[in-house]
Amino acid sequence: MSQNSSQNDILFTRAQAIIPGGVNSPVRAFRSVGGTPRFITRGSGPYVWDADGKRYTDYVGSWGPLILGHAHPAVIKAVQDAATRGLSFGMPTEDELTIAEMVVKLMPSLERIRFVSSGTEAAMTAIRLARGATGRAKIIKFEGCYHGHADSLLVKAGSGLLTNGHPSSAGVPPEITQHTLVLDFNNPQQLEDAFKKYGEQIACVIVEPIAGNMNLVPGTPEFLGTMRALCTKHGALCIFDEVMTGFRVALGGAQSLYKIDPDITVLGKVIGGGMPVAALGGKKQFMEHLSPLGGVYQAGTLSGNPVAVAAGVATLKEIQKPGFYDTLGRITADFAAGMNAAAKQAGVPFSAASVGAMFGLFASPQPPANYAEVMQADKELFNRFFHLMLDAGVHFAPSAYEAGFVSSAHGPEVIKTTLATAQAAFAQLKS
Ligand SMILES: *Cc1c(COP(=O)(O)O)cnc(C)c1O
């Protein structure tokens with residue numbers, strides 16, 4: 001498949017002998033695209049190097065956190081300084097306040113915020129909070145949106161519209177997902193119908209406002225506006241899962257682009273700059289249901305960890321520099337436009353789109369608008385493109401159904417080089 005019959009293969013064989021599938025998170029295993037995952041030894045700016053010393057331009061960005069690129073000097077220094085003072089105390093530190101105050105200022109819909117260690121934990125807590133605050137059991141999520149791997153969120157749509165969801169993972173009893181309704185993304189009518197039928201039983205609606213876990217599919221303003229209005233009307237909490245979009249599509253997240261204030265926002269990824277930091281925040285009246293003030297339990301030994309938080313603070317300082325998102329958004333848009341042009345020129349049914357510093361690469365002639373359309377992608381074509389690019393030193397996400405990320409370390413020159421590589425790959429796909 002590639003010239004890497006190499007350290008990566010040796011390491012992957014060793015890994016599979018001790019770690020299920022050889023990886024600690026499934027998509028890393030290359031199951032979707034085939035071949036051997038690259039074992040990374042280091043990263044710098046827009047690049048990573050594998051165990052053979054081969055360099056790749058990286059568009060995975062640790063799946064979102066690395067908006068400053070790899071090993072940004074200010075972030076590394078903050079982590080080193082914090083580590084020197086001690087790794088964890090299990091007692092409050094001032095840096096937790098610093099990051100809390102920074103985030104709340106950048107996202108005005110957040111009046112209170114609590115820090116945890118992963119997006120999964122934050123989304124799980126947000127759901128529990130919504131149920132605790134409303135005294136209701138039902139929740140609504142959308143097909144193709146990912147909110148981490150808490151049991152009640154591992155659900156796929158039932159057989160009929162508005163029927164209860166089915167577990168999408170073994171090990172989740174149907175009793176646990178019976179209160180989760182799964183609706184079509186970007187379908188406001190279904191939301192209306194669901195609220196008509198279950199209105200007073202719905203604790204919350206959770207959504208990725210710009211979905212980034214079924215490749216890239218922005219919510220329409222009508223869809224998100226309907227969601228906000230129905231939640232208000234029926235006393236359900238409107239939860240925006242901005243783990244991926246927060247500080248990624250804009251400084252104020254997707255909610256600033258759509259001008260919608262959710263009741264609760266879930267954050268992760270960029271907020272920790274590559275360290276395990278996540279958070280949930282929102283209106284005071286809801287957030288104060290969390291213990292110790294309220295009856296909704298939540299806790300974490302390493303929550304607000306000082307070394308992790310230091311990386312977050314350093315990252316949040318950098319992204320507030322003037323013009324940061326303008327430049328990054330323009331570079332990412334240029335990249336998407338360049339990919340579209342290259343595909344068109346070669347006559348390959350490929351398309352690209354971007355929002356802020358996030359992009360989608362689709363093995364389909366048009367960007368998709370919902371999960372069903374995402375699933376129509378030509379997976380075989382994507383996989384061939386992926387491996388041609390990988391061999392040529394460009395590392396995209398190893399799946400046709402994942403979004404991509406540009407960092408501030410990917411300057412115009414890096415993008416230009418990637419586009420030239422893509423042109424050659426498209427030409428080869430055609431021949
Ligand atoms: C990545 C992601 C999560 C899960 O976060 P982890 O830190 O991987 O647990 C939740 N929601 C969205 C939208 C994400 O992109």
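The model is a predicted one. On the side of domain 1 that touches domain 2, the elements giving two or more residues are helix H11 (324-346), strand E15 (351-355), strand E16 (358-362) and helix H12 (371-374). Of these, E16 supplies the largest share, with 5 residues. Sorted by class, this side of domain 1 holds 24 nonpolar, 5 polar and 1 charged residues.

The two domains divide the protein chain as follows: domain 1 takes in 6-71 + 322-430, and domain 2 covers 74-319. Their centres, taken over C-alpha atoms, are separated by 26 Å. Contacts between the two involve 30 residues of domain 1 and 30 residues of domain 2. About 2300 Å² is buried between domain 1 and domain 2, and 68% of that area lies on carbon and sulfur atoms. The number of salt bridges between domain 1 and domain 2 is 0.

Glu318 belongs to helix H10, which spans residues 306-319. Is Glu318 buried or exposed? Its relative accessible area is 15%, and because the limit for buried is under 20%, Glu318 counts as buried. The side chain of Glu318 is in polar contact with the side chain of Lys321, at 3.0 Å. When residues up to four places away in sequence are not counted, Glu318 touches Leu68, His72, Ala74 and Phe324.

The other residue is Gln178. Gln178 sits in the loop that runs between helix H5 (174-177) and strand E8 (180-183). Its relative accessibility is 37%, so Gln178 is classed as partly exposed; this class lies between the buried limit, under 20%, and the exposed limit, over 50%. Which residues does Gln178 contact, leaving aside its neighbours within four places in sequence? They are Lys138 and Asn164. Val207 is 29 residues apart from Gln178 along the chain, and the C-alpha atoms of Gln178 and Val207 are separated by 19 Å.

Methods. Residues are numbered from 1 along each chain as its sequence is written. This is a predicted model: local features need pLDDT of at least 70, side-chain atom pairs count only at pLDDT 80 or more; totals for chains, interfaces and linings use all residues. Side-chain values use heavy atoms; hydrogens and water are left out. Helices (H or I, at least four residues) and strands (E, at least two) are DSSP runs, numbered from the N terminus. Buried means under 20% relative accessible area, exposed over 50%, partly exposed in between (1.4 Å probe, protein chains only). Contact means heavy atoms within 4.5 Å. A polar contact is a pair of N or O atoms within 3.5 Å; within protein, one must be able to donate a hydrogen and the other to accept it, and residues adjacent in sequence count only if both atoms are side-chain atoms. Domain bounds come from an automatic or database domain assignment. Buried area is the accessible area (1.4 Å probe) that two parts lose on being put together, summed over both. A salt bridge is a side-chain nitrogen of Lys or Arg within 4 Å of a carboxyl oxygen of Asp or Glu. Ala, Val, Leu, Ile, Met, Phe, Trp, Tyr, Cys and Pro count as nonpolar, Asp, Glu, Lys and Arg as charged, and the others, Gly among them, as polar.
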